Amino acid sequence: MARRTIGDIERIWSNVEGVKKLSDRVVGVGPFGIGLDGLLTWIPVVGTAYSVGTAGWLLLQAARVRASPGTLARMLAYLGLDSVTTAVGEVPFLDFVPSVADMLLRGHLMAAKALQKDIETTHWVEASERDARASGEHERHLATLRADPKLRRIVYLHD
């Protein structure tokens, strides 16, 4: 497997930003917006496919950046709730209320923001932890973590 770089992490953050806009802000009016997730919810099967596909893609990105367990749990909760409202909308005669709820619920947006925050609060190191400990660099990384209150964890990209 190819080693990840900080550039890879930045690209993932950027791609997640694009999904936020696509899913929840294609059409914007002031502070309010509606995205593909809300628009496609009115089209049977297509809306569900988009919602589930986007949720899966976001979770894959979370795995690629080794998101923390807490972030994964939040993402699963947001995306699970979004998927439930989408799936209930597929039931005939029950489609109006869940479709409106799905349009208003911004599950993809909340999950994407949680992932981006996880990325922003991580100190990324392009090395393996074993090599960093052997060279004494690990202590420097710990000092960086302690010095910056925004940082919560260290991830070694070559582990």
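Q: What makes helix 3 and helix 6 roughly parallel?
A: The two helices pack at an angle of about 5°, with their axes 11 Å apart. Axes are lines fitted to C-alpha atoms over the stretch in contact, and angles run from 0 to 180 degrees between N-to-C directions. Angles under 35 degrees count as roughly parallel, so helix 3 is roughly parallel to helix 6. The model is predicted, with local features needing pLDDT of at least 70, side-chain atom pairs pLDDT 80 or more, and totals for chains, interfaces and linings using all residues. Residues are numbered from 1 along each chain, and side-chain values use heavy atoms, without hydrogens and water.

Q: Which residues of helix 3 and helix 6 make the contact?
A: Contact means heavy atoms within 4.5 Å. Helix 3 gives Tyr50, Ser51, Thr54, Ala55, Leu58, Gln61 and Ala62, and helix 6 gives His108, Ala111, Ala112 and Leu115. By class, seven are nonpolar, four polar and none charged.

Q: How do you know that the length of helix 3 agrees with its number of residues?
A: The expected span is 1.5 Å times one less than the number of residues. Helix 3 has 19 residues and should span 27 Å; its end C-alpha atoms are 27 Å apart, which agrees.

Q: Why is a set of residues called a nonpolar core?
A: Its members are buried (under 20% relative accessible area, 1.4 Å probe, protein chains only). They are Ala, Val, Leu, Ile, Met, Phe, Trp, Tyr or Cys, joined through side-chain atoms within 4.5 Å. The largest such core here has 19 residues, with Leu58 and Leu115 among those with the most contacts inside it. Helix 6 gives the largest share, five residues.

Technical notes: Buried < 20%, exposed > 50% of the residue type's maximum accessible area, 1.4 Å probe, protein only. Helix = DSSP H or I, 4+ residues; strand = E, 2+ residues; numbered from the N terminus. Parallel < 35°, antiparallel > 145°, perpendicular 65-115°, else oblique. Nonpolar A, V, L, I, M, F, W, Y, C, P; charged D, E, K, R; others polar.
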